[in-house]
Amino acid sequence: MSSFQQAQTMVFAIDEINKNPKLLPNITLGYYLYDNCLKLVVAFRAATILISGTDEIFSNLNCTGPPPVIAIVGDPGSTHSIAVSSVLGLFRVPMISYYATCSCLSDRKKYPSFFRTIPSDAFQVRAMVQILKYFGWTWVGVLYSDDDYGIYAAQSFHQEMQQFGGCVAFSEIMPYDQGLQDIKRIVAVIKASSARVVVIFSTDLLPLMDELLLQNVTGRQWIASEAWSISPVLHLSRFVPLVGGTLGIAIRRGEIKGLREFLLHLHPDSDPRNNLVKIFWENMFGCKFENESKDGEKICTAQEDLNSTVNEYNDVSELRASYNVYKAVYALAHALHDMIQCEKGRGPFSENSCADITNLQPWQMVHYLQKVNFTTGFGDHVSFDENGDALAIYDVMNWHPSSDGSIVVRTVGVVNEGAQTGKVLTLEEDAIYWNFETKQPPRSVCSESCPPGTRRATRKGLPVCCFDCLPCADGEISNISDSTECTVCPNEFWSSPEKNNCILKAVEFLSYEDPLGISLTTASLLGTCFCALVMVIFAHHRNTPVVRANNSELSFLLLLSLKLCFLCVLLFIGRPQLWTCQLRHAMFGISFVLCVSSILVKTMVVIAVFKSSRPEGKSAMKWFGAAQQRGTVVVLTAVQVVICAVWLSTASPTPYKNILYIRSKIVYECAIGSVTGFAILLGYIGLLAAVSFLLAFLARNLPDNFNEAKFITFSMLIFCAVWIAFVPAYVSSPGKYAVAVEIFAILASSFGLLVAIFAPKCYIIILHPERNTKKAIMGRKGDNK
């Protein structure tokens, strides 16, 4: 019935065009009608007859001679269209199908004269993927029929899913004969799969659905292709628990004014030569005409009333395929109209010629069909792309349970790739029926979405939709869901605990608020106070032999230098600045050289005093008096000043944000600028310390009750041990701890010198003043003789 409605729609469109004075004036269109009987052989034979010519005319028009066949409307099937169009293409005879959707027919090299008013399966697949994408269904199964329609649609679907980022959980072909074993195997695959959404490209689903119903397989969301989205076969009440809530796409529904009245005015007597009308009439009313009736059969009187029937033929509420037929006929009419409007000398063919309407060639129609562009009375735009495909527009259908327990199909949205708003899919979510307990869309994913702060890691041997969520590494982030990789934060940033955004790195330096900084500052100030206390004690007892022994001026100078050593520690604590970076090493180097040079001179004085006590060396102190002692200290210190001046002027230390020590933090430190300068500074201190230690060691056994060389030897031993241990400790300490190690070395060596040299003297001065006499100091010498 529906096929005959489509045929009559073509007749109606031609009749409407012939009555339209603005479209093809003075030209009357005629037609031939052939029934393909759903067989490829019959369809192929009909096409051959049409292009080879025939005198048999099924028309009520009084034409002289057989009119030329300028185009063919049909065939509805993809397989038939492939076969017929491959032959028609050789002669460039245009063929406009209203229902063949195979994407293979878009190949202009194979089918140069094929057009269609129904979107290609490629568009159909894209429309279905739009629905999947809308609901986030990335894990779906696919079933398809064993024919050109199903195979090509499944291929396109796999490609579109790959581009969309989804995955096909299973892909099963439904054999043409649909044997029970094959059906059971497919049902077992559906049951075993974790996919809750199944897409089907097929027309015959009854055997499959019966088996699914028998095995009580529910809880699946079915996505229907246009081949079965509005098919009434599965609309029975027993299928509601199984396929209720199905979403699908259908050919765009249209409205054709006057078509219903035209269909109801059909009568066998209107065209006695048209055998198709008689066959339709007999099937409609279950009768036979007298010349074909047998005994007992109802005889058709031709008085039967079509108005009394309700069936697919006179139902114009869901015009889909028939609407495409209507558009196909009008596309041909507009192409022909554009052809006759051609101005001589400005045509599209060789030498700017126009087509000869009296000798029309089919290939000329192909040219004009490619450029056709018009709008139907229903408001739909009709044109063809470079492949002969129509604009893609579909209705989104949803299967609802009706009041009588069966299924009713309702439109819940539109897929329009030509929408000017840019929104391809429009859905009325509130109008969608979901056949689940939650009454919400199901989840159909192989793996749940990875939250920000993680990345997707595909599971080995599984599709890309099956993945694990791995947290981003330290210093890397992902701020979107399902990120495939983590982004490294810029140098001065670090990942947040959630790994979803970059935050400024914590700046680390040895500060005064830090417990370590407080401890070192306290030690520095304590050492400074001890130096000041010793200076007060020595100043108060400046005239005593212990203080005056071995040049009291050098002792005060040594205490001053030790005080500077303790105070220079404060330059190492706090946020590094240019001036502190420049001063810290300079002050450290100069203070320690002043200290060590004072000790060196004191050692030399001890040796000079001992030699002067012997007859052969009475002139030793003459050449190494107080002026020479001060001059030696100044000269030795001046050398270090020159080293520091050259270092600071050529490669001055500067504040530096170091991101290599600790990746999660910025270590704010002072870059030494020149390793060579720093090495020379330390080397010079080490040289003076080594000479002092050597001289003190050689003079340790000189006869004297209070031989200061012993204590200098011990102090230099401590000094050298501390700074030898400093080098590996400094190199291996990260960040602010390297600064703390340097400060500790300064404090340890300073305290070592202070205690080793001055503690024995303070002990005698304060606790044993009776030993603070010249006789007591020199007395041991006489006893030893």
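Reader: What volume does the second largest cavity have?

Author: In this predicted model, the volume of the second largest cavity is about 40 Å³.

Reader: How do you know that the second largest cavity belongs in the count of cavities of 30 Å³ or more?

Author: Its volume is about 40 Å³, and the count takes cavities of 30 Å³ or more.

Reader: Which residues line the second largest cavity?

Author: The lining consists of Thr117, Ile118, Pro119, Ile251, Arg252, Asn324, Lys327, Leu391 and Ile393. By class, 5 of these are nonpolar, 2 are polar and 2 are charged.

Reader: What is known about the largest cavity?

Author: The largest cavity has a volume of about 60 Å³. It is lined by 14 residues, and Phe509, Leu510, Pro576, Tyr668 and Val739 are the closest to its centre. Strand 22 (665–671) and helix 21 (736–767) each supply at least two residues of this lining. Strand 22 gives the most, with 4 residues. By class, the lining of the largest cavity has 8 nonpolar, 2 polar and 4 charged residues.

Reader: Why is glutamate 508 called buried?

Author: Buried means under 20% relative accessible area. Glutamate 508 has 9%, so it is buried. This residue is in strand 20 (residues 506–508).

Reader: What makes the pair of glutamate 508 and lysine 665 a polar contact?

Author: The cut-off for the N or O atoms is within 3.5 Å. The contact between the side chains of glutamate 508 and lysine 665 is 3.4 Å, so it passes.

Reader: Why is glutamine 6 also called buried?

Author: Its relative accessible area is 13%, under the 20% limit, so glutamine 6 is buried. Glutamine 6 is in helix 1 (residues 2–18).

Reader: Why is strand 6 described as largely enclosed?

Author: 5 of the 5 residues of strand 6 are buried, so the rest of the structure largely encloses this strand. Val197, Val199 and Phe201 point one way and Val198 and Ile200 the other way. In a regular strand the side chains alternate between the two faces of the sheet.

Reader: How do you know that strand 6 pairs with strand 7?

Author: Two strands pair if there are at least two bridges between them. Strand 6 (residues 197–201) and strand 7 have 4 bridges, in the parallel sense, so they pair. Valine 199 has isoleucine 223 as its bridge partner in strand 7, and isoleucine 200 has alanine 224. Strand 6 also pairs with strand 4 (residues 139–145), parallel and over 5 bridges. There, glycine 141 stands opposite valine 198.

Reader: What joins strand 7 to strand 8?

Author: Strand 7 and strand 8 (residues 247–251) run parallel and are joined by 2 bridges. The requirement is at least two, so this is a pair as well. Alanine 224 stands opposite glycine 248 in strand 8.

Reader: Which elements make up the right-handed β-α-β unit?

Author: Strand 6, helix 7 (residues 206–214) and strand 7 form this unit. Both faces of strand 7 (residues 221–224) are covered, with Gln221 and Ile223 buried on one side and Trp222 and Ala224 buried on the other.

Reader: Why is asparagine 26 called exposed?

Author: Exposed means over 50%. Asparagine 26 has a relative accessible area of 86%, so it is exposed. Leucine 38, at 77%, counts as exposed too. Asparagine 26 lies in the loop between helix 1 and helix 2 (40–52), and leucine 38 is also found between these helices.

Reader: What can be said of phi in asparagine 26 and leucine 38?

Author: Most residues other than glycine have a negative phi, and most peptide bonds are trans. Phi of asparagine 26 is positive, near 65 degrees, and that of leucine 38 is positive at about 60 degrees. As for peptide bonds, glycine 74 and aspartate 75 are joined by a cis bond with omega about -15 degrees.

Key:
Residues numbered from 1 in each chain as written. Predicted model: local features only at pLDDT ≥ 70, side-chain atom pairs only at ≥ 80, totals over all residues. Heavy atoms only, no water. Buried < 20%, exposed > 50% of the residue type's maximum accessible area, 1.4 Å probe, protein only. Right-handed = clockwise from strand over helix to strand, strands pointing away. 1 Å grid on protein atoms, 1.4 Å probe; cavity = no way out; pocket = protein on both sides within 12 Å on 5 of 7 lines; lining within 4 Å. Points joined across faces, edges and corners; volume = space filled by probe spheres on them. Nonpolar A, V, L, I, M, F, W, Y, C, P; charged D, E, K, R; others polar. Polar contact = N/O pair within 3.5 Å; in protein donor to acceptor, adjacent residues only side chain to side chain.
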